[in-house]
Amino acid sequence: MENSEISKRVLVCQNRTCRKQGSAKVLAAFQCLADAEVEVVASGCLGHCGSGPMVLVLPEKVWYSRVCPGDVGAIECTFRTQS
Ligand code: FES
């Protein structure tokens with residue numbers, strides 16, 4: 001994968017509190033969407049542990065809280081249309 005092609009980076013917190021709230025499944029759902037333009041990263045704590053699973057879409061710095069796997073398609077629609 002060429003890093004120069006990446007236009008979005010999706011950080012999915014995999015720290016302890018978000019993991020307890022199901023962030024591993026959220027990460028897996030985002031990883032199914034990863035391609036040359038979208039990099040999906042298992043991140044450390046994003047600092048909003050009480051609202052997890054937390055997701056941060058860069059470079060716009062758009063935050064999503066309490067994300068479940070069923071939300072992933074709708075979130076993808078928002079950042080695919082911004083490109
Ligand atoms: S553990 Fe996920 S934001 Fe802190």
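**Exercise 1. Find which residues have the most contacts inside the largest nonpolar core, and which elements supply the core.**

Solution. The largest nonpolar core has 14 residues, and those with the most contacts inside it are Val10, Val12, Val26, Phe30, Val40, Val55 and Phe79. Such a core is a set of buried Ala, Val, Leu, Ile, Met, Phe, Trp, Tyr and Cys residues joined through side-chain atoms within 4.5 Å, where buried means under 20% relative accessible area, exposed over 50% and partly exposed in between (1.4 Å probe, protein chains only). At least two residues of this core come from each of β1 (8–13), α2, β2 (38–43), β3 (55–58) and α3 (72–82), these being DSSP runs numbered from the N terminus (helices: H or I, at least four residues; strands: E, at least two). The largest share, four residues, is that of α2.

This is a predicted model, in which local features need pLDDT of at least 70 and side-chain atom pairs count only at pLDDT 80 or more, while totals for chains, interfaces and linings use all residues. Residues are numbered from 1 along each chain as its sequence is written, and side-chain values use heavy atoms, with hydrogens and water left out.

**Exercise 2. Determine which residues of helix α2 are buried, and where they lie around the axis.**

Solution. In α2 (residues 23–31), the buried residues are Ser23, Val26, Leu27, Ala29 and Phe30. They lie on the same side of α2, because they cover an arc of only 160° around the axis, taken from the directions from the helix axis to the C-beta atoms.

**Exercise 3. State how many disulfides the whole structure holds.**

Solution. The search finds zero disulfides, counted as pairs of cysteine sulfur atoms within 2.5 Å. Cysteine 13 is buried at 2% relative accessibility, whereas cysteine 49 is partly exposed at 32%.
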